[in-house]
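Look over the sequence and the model before reading on.

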Amino acid sequence: MSGRVALVTGAARGIGAATVRELVGAGWSVVAVDRAADDPRLPYRLGTRAELDALAGDQVRTVAADTTDPAALTAAVEVAEAELGGLDAALAVAGVIAGGTPLWEMPDAELDAVLDVDLRGAITLARVAVPALLRRPQPRSGRFIAVASAAATRGLPMLAAYCAAKAGVTGLVRALAVELRGTGVTANAVSPGSTDTPILAESARLYGLASAAAFARQQPVDRLLDPAEVAAALVWLAGERSSGVTGAVLPVDGGLAV
């Protein structure tokens, strides 16, 4: 048992749920956070409360919260500190996708949803969770980790807002790494490629593809990634053995960026 405590957003399904499971397997206690409801600005279903609550257990507390709401995320951080003894890692995994049209034709509501969840959600988590990471006594090994995307560095047609938001995430962790200099807290990101998640299924729909399996040909591994593969990298970055890494964007993309 690591005795460490993490908070994970976007926990109800996909990479978020896989990350919660990987952390628990590594001995962590986890506050699993998710909106756990659909977003009326988006045309596809999001994670549910039932999916979130299915993660609950001796090592997991579940909290339904909008990741763009500072008060709601602050309450989730308080669960980590009051019920689990503190916070050692905050993982901004929550994400959505929208597009399928040129940027200038994208509905305002969908644009707002992508920028709010994918970028502002990560910023909000940093603003409320980093102070809790710093409340751990020295010597500390706090971790702030965000999920970016290969879209942060690769222009994807009809997904300009998503690309912009994920590029913002990489800029966020680089700046945080410098701001956290000497504190014992690091900031990093993981950049997944095409991963078998509901977001990828929605991407396939936006592109008019029969299924997400069509994206596999983009990656030298010649398959979609499993969410657990991305989660393994997130959990490694959350651990104490990653202490020499900060300000980094780790590609877990099956070679997509090659």
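The largest cavity has a volume of about 60 Å³. A cavity is a set of points, on a 1 Å grid over the protein atoms alone, where a 1.4 Å probe fits but cannot get out. Grid points are joined across faces, edges and corners, and the volume is the space filled by probe spheres set on the points. This is a predicted model: local features need pLDDT of at least 70, side-chain atom pairs count only at pLDDT 80 or more, and totals for chains, interfaces and linings use all residues. Residues are numbered from 1 along each chain as its sequence is written, and side-chain values use heavy atoms, with hydrogens and water left out.

**Cavity**

- Searching the whole structure turns up one cavity of 30 Å³ or more.
- Its lining consists of T9, T67, A92, V93, A94, V117, D118, G121, A122, V147, K166 and V169; a lining residue has an atom within 4 Å of a point.
- Two or more lining residues come from each of α4 (108-135) and α5 (160-179). Helices are DSSP runs (H or I, at least four residues), and strands are runs of E (at least two), numbered from the N terminus.
- Helix α4 gives the largest share of the lining, four residues.
- By class, the lining has seven nonpolar, three polar and two charged residues. Here Ala, Val, Leu, Ile, Met, Phe, Trp, Tyr, Cys and Pro count as nonpolar, Asp, Glu, Lys and Arg as charged, and the others, Gly among them, as polar.

**Salt bridges**

- The count comes to 10 salt bridges, each a side-chain nitrogen of Lys or Arg within 4 Å of a carboxyl oxygen of Asp or Glu.
- One of them joins D38 and R45, at 2.6 Å from N to O.
- D38 is partly exposed at 31% relative accessibility, whereas R45 is exposed at 58%. The classes are buried (under 20% relative accessible area), exposed (over 50%) and partly exposed (in between), with a 1.4 Å probe and protein chains only.

**The R41 network**

- Salt bridges link D39, R41 and D116 in a network.
- R41 pairs with D39, with the closest N and O atoms 2.9 Å apart.
- D39 is buried, at 4% relative accessibility.
- R41 is partly exposed, with a relative accessible area of 26%.
- R41 also meets D116 in a salt bridge, 2.9 Å from N to O. That pair links distant parts of the chain, 75 residues apart: D116 sits in helix α4, and R41 in the loop between β2 (29-34) and α2 (49-53).
- D116 counts as partly exposed, at 25% relative accessibility.

How values were computed: On a 1 Å grid over the protein atoms alone, a cavity is a set of points where a 1.4 Å probe fits but cannot get out, and a pocket is an open set with protein on both sides within 12 Å along at least five of seven lines; lining residues have an atom within 4 Å of a point.
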